[in-house]
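Please open the structure in your viewer and keep the selection tool at hand. The stops below are meant to be taken in order.

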Amino acid sequence: MEPKLPRLSKSLSTKFSNQLWNRLSLRARLLLPLAAMIVGALLLGGLALQTFSPEQFADENAQGARSAQLVADALNAALAAANNPQQTLDAFAGGLGTLAAIEFVPAGSKPPRTTTETYPGNVPAWFTALLQIPQLGSTHPIRIGTAHVGDILFKPDLSAEILEKWVGFLAIVASAAALMLLAGLSAYFTTGTALHPLAQLGAGLTRMRNGDFDAAIPLAGPPEIRQSCAEANELAATLKRLSRDNRNLLRKLVAVQDDERRELARELHDEMGPLLFAIRANATALSDPEAEGPPEPGSPAHGILSAAEALQQANRRVLEGLSPVYVAELGLAASIQALLRNAQSQAPGLCVASRIDHRLNELDGLISQTTYRVIQEGLTNVLRHAQATAMGVVATVNGDQIQIEITDDGVGLPRDLTFGRGLTGMHDRVRALDGKLQVLREHGRTVARCRLPLDHPVGQ
């Protein structure tokens with residue numbers, strides 16, 4: 001198990017890094033590498049200073065160290081040849097004050113120092129420590145005969161060199177900051193010219209998903225994005241044409257279905273009606289001729305007559321479902337009111353409230369049939385499944401569309417709601433007319449909402 005732990009840790013780390021990277025915006029993805037390069041350049045500059053500065057300091061002060069050695073050798077030689085060495089030494093020490101880096105220290109006055117470098121006060125200590133300045137001072141003994149009378153000290157003043165390197169470092173930092181700022185501004189505005197067209201492209205694709213193919217996407221941004229926008233506009237035109245063809249096909253299918261239903265209803269009416277009438281007449285004739293009125297309950301004739309009446313009622317319901325004759329004869333508004341009365345009769349305990357626009361009578365055949373069918377299917381679903389105590393039906397003409405809304409206070413919708421045959425048929429009818437059908441739950445009520453566009457507004 002132990003070898004698997006490093007692989008698991010590496011996998012989790014990689015997954016986390018990928019997730020973090022995927023959450024970054026395009027601007028952040030461009031700016032982060034630029035910032036990393038600038039920081040890397042600064043780190044490399046600091047490493048170069050730390051690596052090469054000691055050698056530079058040694059090279060720059062090597063001449064001074066050699067001069068101190070030459071001065072000490074010359075002084076020792078002069079003292080060895082002088083008649084009065086002490087006087088010569090005093091004269092030399094007095095004249096040495098003009099040399100800042102070289103100093104004569106008499107023996108016994110103070111201990112010789114080998115590190116006498118001085119640093120500028122306006123340079124941060126961390127920068128001075130970063131330079132790793134080597135030990136550049138040196139001590140050269142001075143003797144009169146065999147007696148040690150003092151030392152020549154070499155103590156270089158490094159303040160100018162350190163200040164020079166500090167100024168150079170600040171120039172590098174300023175240049176890096178300026179480059180980073182320019183690169184950031186460039187990345188910001190460059191990505192802005194690409195992100196705005198991409199946002200317009202995304203909005204256009206969202207409109208296409210929602211069925212709006214008319215608004216063209218502006219051609220803007222780099223050539224690649226303009227090409228994508230142009231292809232998206234061509235896709236919208238193609239989808240619009242296909243959607244129009246699909247609606248026309250659905251409209252034709254719905255019209256064919258209505259024609260078939262009317263033909264089937266006519267055949268049922270013409271064939272079943274006379275047969276059922278003949279059955280009822282024969283049942284009445286089979287009853288006791290001496291008896292007055294209908295056949296007695298329990299008799300064979302009464303059973304046949306009851307079955308014939310039940311068949312007639314079933315036939316009427318089938319005919320009404322296939323082709324509602326009331327729409328053509330009474331008008332759409334009155335037909336809807338008849339549907340509501342029928343629903344009230346089937347469920348006496350159901351409270352039905354309605355608002356039906358009288359202008360619905362002015363609708364043409366297909367949209368009138370669709371309006372009737374939507375309300376009919378909604379009422380059927382409420383009676384069969386809702387277990388409701390109150391129901392509302394609204395059908396109005398609002399400008400260039402018909403608004404239908406059927407609500408109930410029943411048990412609501414199942415979580416895995418799927419359209420059955422009735423709702424699927426209604427959805428296809430509504431799509432054929434370029435409308436929308438929704439079934440949802442709002443404020444504790446089940447709502448079936450339909451919108452049907454009109455080719456031209458109806459009268460006020």
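Predicted model: local features only at pLDDT ≥ 70, side-chain atom pairs only at ≥ 80, totals over all residues.

Residues are numbered from 1 along each chain as its sequence is written, and side-chain values use heavy atoms, with hydrogens and water left out. Helices (H or I, at least four residues) and strands (E, at least two) are DSSP runs, numbered from the N terminus.

Begin by selecting residues 159-209, which make up helix α5, with 51 residues and a reach of 72 Å from the first C-alpha to the last, close to the 75 Å expected (1.5 Å times one less than the number of residues). Centre on G192, where α5 bends by about 25°; the bend is the angle between axes fitted to the seven residues ending there and the seven starting there.

Next, select the strands of the open sheet whose order is β1-β3-β2 and whose pairing is antiparallel; two strands pair if DSSP finds at least two bridges between them. β1 (102-106) and β2 (138-144) stand at the edges with a single partner strand each, so one side of each has no neighbour in the sheet. From one strand to the next the twist averages 25°, where axes are lines fitted to C-alpha atoms, for helices over the stretch in contact, and angles run from 0 to 180 degrees between N-to-C directions. Look along β2 and strand β3 (residues 147-154), which are joined by seven bridges, and find I144, whose bridge partner in β3 is A147.

Now turn to the open sheet of five strands, in the order β4-β5-β6-β8-β7, where the pairing is mixed. Its edge strands, β4 (351-356) and β7 (436-442), each pair on one side only. Within it, select β6 (residues 401-408) and β8 (residues 445-453), an antiparallel pair with eight bridges, and note that E405 stands opposite R449 in β8.

Finally, show the helices on this sheet: α9 (residues 332-346) touches β4 and β5 (390-398), with its direction at about 175° to that of β4, whereas α10 (residues 365-386) touches β5, β6 and β8, with its direction at about 10° to that of β6.

How values were computed:
Contact = heavy atoms within 4.5 Å.
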